[in-house]
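Subject: A structure for you to look at

Hi,

Here is the structure I promised to pass on.

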Amino acid sequence: MTRWRRTSACERAAQWVSLDLDGELSRIEAAALARHLRRCESCRSSSAEIGAFTMLLRAAPPVEPARAIVVPAPPWAKRTARATLRGGALALAVSAAVFLGVSRLGQPPSPSSGSLEFSGAAAQHAFARDHVLSEPTLYVVANAPSPPSFASRALL
């Protein structure tokens, strides 16, 4: 762990010179830099040297490299990428399971599922009337067929 230390006036001036070359220096910092450069010959000469070098670099035309530059990935980056892929695969599997579960909600149960089957609407009403006192549950009988698509089921 690195410890915090106070920067010197010359270190701050070097940072301000860099910010000034990019046009990112505030007016207060620009005034402080100008005041420091009036007093410090060393910072004034480095500021002039850095400014001249920056102008040369900016004036030069861009150059294409002769061959591709390949930077090998550090081992920690490979581990992070594998962990990200595993997390993405897990999220994809969970979302597929949720989608399959939701898509099965609107389908009628299969005959082998052990659910109650009625011969018609009258049998359903008779069952509901007989069990309303012992099982206070609301039974809703819908005459409309199930929605034809998943999108219309989501609006119900």
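Below is what turned up, starting with how to read the numbers.

This is a predicted model, so local features need pLDDT of at least 70 and side-chain atom pairs count only at pLDDT 80 or more, while totals for chains, interfaces and linings use all residues. Residues are numbered from 1 along each chain as its sequence is written, and side-chain values use heavy atoms, with hydrogens and water left out.

Let's begin inside. The largest nonpolar core is made of nine residues: A13, W16, V17, L25, A32, L33, L37, C40 and C43. (A nonpolar core is a set of buried Ala, Val, Leu, Ile, Met, Phe, Trp, Tyr and Cys residues joined through side-chain atoms within 4.5 Å; buried means under 20% relative accessible area, exposed means over 50%, and partly exposed is in between, with a 1.4 Å probe and protein chains only.) Two or more of the core residues come from each of α1 (9-21) and α2 (27-39). Helices here are DSSP runs of H or I with at least four residues, numbered from the N terminus.

Next, the charges. Side chains of opposite charge can pair when their charged atoms come close. How many salt bridges does a search of the whole structure find? There are two, a salt bridge being a side-chain nitrogen of Lys or Arg within 4 Å of a carboxyl oxygen of Asp or Glu.

- One joins R58 and D22, with the closest N and O atoms 2.8 Å apart. R58 sits in helix α3 (residues 41-59) and D22 in the loop between α1 and α2, so this pair ties together parts that are 36 residues apart in sequence. R58 is partly exposed at 47% relative accessible area, and D22 is partly exposed too, at 44%.
- Another links E41 and R44, at 2.4 Å from N to O. Both residues lie in helix α3, three residues apart, or about one turn of the helix.

Finally, the surface. K78, R79, R82 and R86 gather in a patch of positive charge. R79 belongs to helix α4 (residues 75-103). There is also a nonpolar surface patch of about 470 Å², made by L90, V94, V98, V102 and L105; V94 is in helix α4 as well. Patches use residues with over 30% relative accessible area and no salt bridge, joining like charges within 9 Å and nonpolar side chains (Val, Leu, Ile, Met, Phe, Trp, Tyr) within 5 Å. Accessible areas come from the Shrake-Rupley method with a 1.4 Å probe, and for residues only the protein chains shown count as cover. Lys and Arg count as positive and Asp and Glu as negative, leaving out His and the chain ends, and a charge is placed at NZ of Lys, CZ of Arg, CG of Asp or CD of Glu.

Cheers
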